[in-house]
Amino acid sequence: MNRFIGSALVVLLSALTVSAAVPAAITPGEEVLVEKATSGNHGGRLVVALRAEPRTLNPAIAADAPSREVIGRMIADLIHIDRATQATEGALATEWKRSSDGREYTLKLRKGIRFSDGRPFDADDVVFTFQVLLDERTGSPNRDLLIVGGQPVRVTKVDEYTVRLTMAQPYAAAERLFDSIAILPRHLLVEAYTKGAISNMWAVSTPAAAVAGLGPYRLKEYVAGQRLVLERNPYYWKTDSAKRRLPYLDELVFLFTGNEDAQVIRFQSGDSDVLSRASADNFGVLVRDQAAGRYQLKDLGPSLEYNFLFFNQNDLTGKNLPQVAVKQQWFSDLGFRRAVSRAIDREGIARLVYRGRAVPLWGNVSPGNRLWINTSLPRQPRNVSEARAILKASGFSWRPDGALIDRQGRPVTFTIVTSSTSAQRTEMATLIQADLKELGMGVQVVPLEFRALVDRVFQTFDYDASVLGLGGGDADPNGEMNVWMSSGSNHLWRLGQKAPATAWEDEIDRLMQKQLITLDYRERKRLYDRVQTIVAEQLPMIFLAAPHILVGARADLGNFQPSVLDHYTLWNVERMFLRPESRSVRR
Amino acid sequence: MTAVARRIGSSVVTLFAVSVFSFALLELAPGDFFTELRMDTRVSTQAVDALREQYGLTQSPAVRYWLWLQSFVAGDLGFSLAHRAPVSSVIWERAGNTLLLTVPAMLLTWTLALPLGVWIARRKNQWVDRVSSGVTSTLVALPDLLVAMLLLLLALRTGLFPTGGMYTPGAEDLGTGARIRDLISHAFLPLCALVATALPALVRHVRASVIEAAQAPAVLAARGHGISHSRITLRYVLPLAANPLVSLAGLSIATLLSASLLIEVVMSWPGLGPLVVEALLAKDVHLVLSASMLASALLVAGNLAADLTLYVVDPRIRA
Amino acid sequence: MNRPRAIVSVLVGLHLLVLLAGFAAPYDPVEQARAFPYAPPTPLRFVDADGRFHVRPFVYGVMPDPDNFDGYVEDTTRRFPVQLMVTGAAYTLLPGIQSRIHLFGVDSPGRTSLLGTDGFGRDVLSRLLHGGRVSIGAGLVATSCALLVGVTFGTLAGFFGGRIDAALMRAADLFMAIPWLYLLFAVRAALPLHLDTRATFLLLVAVVGVVGWARPARLVRGIVLSARERTYVTAAKSFGATSPYLLRRHVLPQALGVVLTQAGLLVPQYILAEVTLSFLGLGVGEPTPSWGAMLGSLQQYSVLTSYWWMFTPAVALVAVAVAYHALTSMVHERMRLVTG
């Protein structure tokens with residue numbers, strides 16, 4: 001074939017593929033959201049390397065991080081939490097009103113906007129979405145959040161662009177509930193839903209035309225094991241300050257890698273343009289290599305994640321675990337837990353495990369959560385002699401060889417189980433092991449495969465102590481209900497309580513219930529401060545450290561404003577753009 | 001020929017036994033696919049139990065095995081809980097990509113190992129032999145993962161090779177020739193890593209077998225008749241040495257396949273590796289079962305081929 | 001010195017060093033010097049900053065660089081001469097023998113980490129020596145298990161043929177094809193957490209070893225199969241030679257090469273298996289050192305690119321692999337000469 005015709009064909013073809021999704025003109029009556037003080041240039045593509053392949057594109061069932069990372073760019077919610085300010089803002093709902101008793105919300109929907117397949121959006125889609133999420137057959141991880149006071153949230157259509165939500169009891173910060181709840185296109189999913197097959201819809205290999213959302217991007221192509229390509233949603237409902245439709249970038253390409261190291265290497269080599277949540281170790285490598293100036297790195301300070309050590313205080317009746325039962329006499333002793341807490345070198349953890357890119361923690365709320373942290377909690381540094389004094393006061397003593405023994409003369413030995421996939425938590429446990437050796441405790445660290453760990457902690461209760469991490473979701477205390485309520489499914493140290501086992505757990509239960517229905521922020525803060533104080537005094541969990549959020553992006557990426565809230569880097573992807581001077585140089 | 005048919009029949013029985021044993025082991029390991037939802041603070045215990053119920057994980061093991069077997073035989077290969085789709089829809093394309101690595105790696109390894117082993121055997125106890133023993137020991141002693149990481153590092157530092165994946169992002173717009181070049185440049189490092197993990201053991205076995213065979217009376221006699229060295233090697237030594245090597249060839253399929261899984265994960269190759277490793281850790285039972293059935297089928301086929309070859313090459317066995 | 005003797009003395013030396021790790025190592029392998037994470041190897045010096053020569057080697061004091069997590073500056077104002085037979089951390093030399101004497105060391109607060117430190121500030125040399133005990137032991141145990149079972153079954157299959165052969169070889173196929181990872185998951189779940197880690201580890205190594213019988217069995221079987229049909233074997237049989245005699249005298253010697261080659265390959269492979277085992281929570285577990293665990297941390301990208309001294313466990317393993325390979329080929333040669 002003639003070489004000229006060949007190359008002309010290639011040019012023509014590539015021109016065709018790029019021009020596939022031009023922003024649609026704004027129609028009269030369409031209530032677009034104008035992002036103030038936002039400018040940039042259209043065009044270009046952004047490549048992001050994912051740690052693993054997403055499992056599904058179905059927003060109703062996605063629970064794994066890679067799926068949510070991709071889906072988050074394809075969907076929109078009613079009321080959104082601005083990742084920069086941590087405050088709520090209107091999204092698909094332009095305004096909302098709370099009834100005086102706090103049980104009813106009336107939401108005005110954005111008029112005249114369309115799904116990424118061009119079909120209009122209205123109240124029916126919202127009603128349908130909540131119907132799907134609340135249906136037990138869907139198996140949505142969001143379902144429990146939408147059950148308030150034991151009753152599912154009731155969603156009714158008032159008119160084409162108004163919906164009303166009714167709850168069984170007042171619910172503080174109810175508007176935060178809507179964040180990241182994707183509004184589903186009824187026209188595409190209603191048939192599957194009535195057949196009871198909604199949870200099998202939108203596998204990653206679904207044809208692009210069968211998937212639609214209200215987010216800035218829509219599915220273009222999926223290549224098994226390699227990549228998933230999103231293209232601009234031509235009907236997206238946000239514009240920049242010059243009233244040009246967003247997003248700026250034509251395409252978003254997600255590459256699949258096998259692990260975090262591969263992800264970092266692809267970023268370092270320039271294959272990918274954005275890096276979310278690097279580990280402190282890998283961040284250190286990138287900082288050293290940064291001299292080339294090809295990418296920008298940011299340390300955003302403490303995340304909302306809190307890591308902690310906790311002891312098994314579960315009720316073991318009916319379980320045949322005599323060895324654990326004996327040790328529970330120590331674990332349930334507040335003096336024992338306080339001594340352990342005083343002996344732990346939190347500064348050492350922040351410095352050695354996270355290379356100083358973490359803050360030591362003495363309570364469950366990280367300093368990254370500016371609205372809710374109780375700053376008056378005591379921050380006691382490591383003090384071994386004080387820890388020994390506490391142990392002595394609790395009736396422990398030492399053998400001549402230095403081993404700690406309890407009143408019955410039994411040596412204090414136990415194991416700490418961690419997840420073998422989390423190098424950091426195993427490292428923390430190793431430091432704790434050495435710290436507690438100075439108290440005469442014989443500690444062994446046993447890293448377990450994640451499922452085996454969860455099985456022991458949640459099912460069999462066959463463990464002594466564990467190092468785990470929680471948090472990282474929303475900043476609001478409501479997200480922590482399952483951890484602190486004595487009946488909660490993540491009340492890790494003592495699961496499945498019918499009634500609170502201790503007076504202080506009873507008090508926490510009441511405080512958490514009360515803050516849930518209190519509408520005034522300052523009053524809620526007072527209640528939650530008290531929860532933090534009790535937890536820090538009673539130490540059911542011994543808090544260790546909150547790691548920093550460490551991210552990076554190519555140097556010429558405009559409007560890159562990473563946040564400590566999920567999703568750290570791509571939350572404002574619709575506003576990101578490539579500075580033109582460099583675009584011609586690369587690719 | 002009936003012997004061959006019987007042999008194939010018993011291979012099918014072996015495969016069936018593999019599936020039963022694998023399933024039983026999966027059952028014994030703690031937790032199931034939905035276990036990880038327990039760590040999600042948004043999800044209640046009841047919700048997780050409801051999911052288990054809905055996807056039939058509360059049924060008896062025998063029933064669940066039967067359901068998988070039915071689906072496997074029907075061609076769907078089971079249902080992947082992680083992908084919420086039939087296993088067949090996620091596995092075949094990736095299996096092809098894995099073969100794209102392992103088949104060339106296998107050919108390359110053997111074409112390198114045979115002449116190398118013979119050459120080294122002829123220089124027994126000379127410096128060539130010592131150096132090769134050092135190099136093979138080094139490669140044997142380095143974990144596959146480390147070798148792959150070092151190669152990646154090389155790619156990153158020199159910029160000569162891509163740092164993972166199968167195609168450059170955007171390569172889909174290129175012409176066929178450019179795409180093939182792109183593919184080869186991406187496959188080069190994973191291939192190197194695979195050859196590096198499989199080659200040392202083979203070279204050693206070839207060397208040992210050739211040395212062994214060179215001592216055989218027939219070879220010594222031939223040498224006494226003054227027949228040229230290369231002729232002796234080809235006519236007498238290699239056929240004598242062939243026996244353990246043929247067995248080894250059958251086994252090397254399994255070696256390469258398992259090494260390939262790890263290397264694919266490190267090098268982001270879109271084969272079975274990342275898929276199966278994820279599925280193993282997520283306890284996506286049907287996907288794991290069907291993937292191990294594929295691997296076993298290859299392994300059993302390899303051993304079958306080896307046995308048949310032995311039968312042909314070594315006429316004495318036929319007795 | 002001739003070659004065989006050199007090989008044997010290197011191996012004996014290596015094992016003695018590892019066996020007497022407590023004495024040869026300057027520090028307790030689990031002692032964390034938290035001010036010194038990833039400190040590079042301390043250079044041994046003879047010439048000081050002023051250019052003066054000292055007969056007794058010395059090290060300079062090292063100070064962490066406050067601005068840099070893994071940066072260090074040498075404090076040339078303080079010299080710590082290296083001393084032999086110093087008193088330090090207590091250790092068990094051999095079962096029942098306690099001691100505090102270490103081969104070498106420097107006075108506190110000086111530190112000498114000839115192979116640097118790891119992320120907890122633990123002395124890599126001490127960990128390497130102590131870790132060798134577990135790892136080499138594990139490699140040998142697992143290899144012997146695999147070979148013992150493999151050679152027995154391979155010989156039975158090849159020599160008696162027929163149904164025994166078919167049954168054993170299908171079993172071998174089965175053993176090679178099953179995803180053993182899940183067996184390990186299951187075993188870990190069944191064992192109590194409180195079991196002594198070393199006991200757990202040796203148990204599992206035995207499991208891995210026994211599971212690994214299939215490969216040597218297939219290789220041996222192929223050889224035995226053809227060996228028993230060789231003319232001289234058939235001749236011996238017709239003279240009324242018994243099966244055990246035939247096996248010992250004529251058949252098994254043929255398989256020697258393959259078995260020994262396998263042995264040389266399997267030892268390092270089983271030492272490496274601990275990397276996987278550690279991941280599943282089946283390794284020796286922190287803080288007890290082992291080569292597998294040390295190699296596991298080397299496989300992290302940040303360690304691999306930043307701290308070259310963390311490669312020392314790989315170097316040690318290569319040394320062991322070379323030594324065992326040399327030993328097996330030497331034995332092979334000797335035996336062939338003996339059996340003719």
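Predicted model: local features only at pLDDT ≥ 70, side-chain atom pairs only at ≥ 80, totals over all residues.
Which residues does B:Val266 touch, not counting residues up to four places away in sequence?

Figure 1. Not counting residues up to four places away in sequence, B:Val266 touches A:Gly258 and A:Ala262 in chain A, together with B:Leu145, B:Ala148, B:Met149 and B:Leu152 in chain B. B:Val266 is also among the residues with the most contacts inside the largest nonpolar core.

**Figure 2. The largest nonpolar core.** This core has 356 residues. Those with the most contacts inside it are A:Ile542 and A:Leu544 from chain A, and B:Ala148 and B:Val266 from chain B. Helix H9 of chain B, residues 229-266, gives the most to this core, contributing 18 residues.

**Figure 3. The two domains of chain A and their contact.** The domain assignment places residues 3-276 + 570-582 in domain 1 of chain A and residues 306-547 in domain 2 of chain A. Their C-alpha centres lie 37 Å apart. Nine residues from domain 1 of chain A and 11 residues from domain 2 of chain A take part in the contact. On the side of domain 1 of chain A that touches domain 2 of chain A, four residues are nonpolar, three are polar and two are charged.

**Figure 4. The fold of chain A.** Chain A contains 17 helices and 26 strands. Its radius of gyration is 26 Å, close to the 25 Å that the globule rule gives for 587 residues, so chain A is as compact as a globular protein of that length. Along the principal axes, the C-alpha atoms of chain A fill a box of roughly 90 × 60 × 45 Å. Of the 587 residues in chain A, 54% are buried. Among contacts in chain A between residues at least 6 apart in sequence, 69% join residues at least 24 apart.

How values were computed. Residues numbered from 1 in each chain as written. Chains lettered and ligands numbered in written order. Domains from an automatic or database assignment. Contact = placed C-beta atoms within 7 Å. Nonpolar A, V, L, I, M, F, W, Y, C, P; charged D, E, K, R; others polar. Core = buried A, V, L, I, M, F, W, Y, C linked by C-beta atoms within 7 Å. Buried ≥ 20, exposed ≤ 12 C-beta atoms within 10 Å, placed from the backbone. Helix = DSSP H or I, 4+ residues; strand = E, 2+ residues; numbered from the N terminus. Rg over C-alpha atoms; globule rule 2.2 N^0.38 Å.
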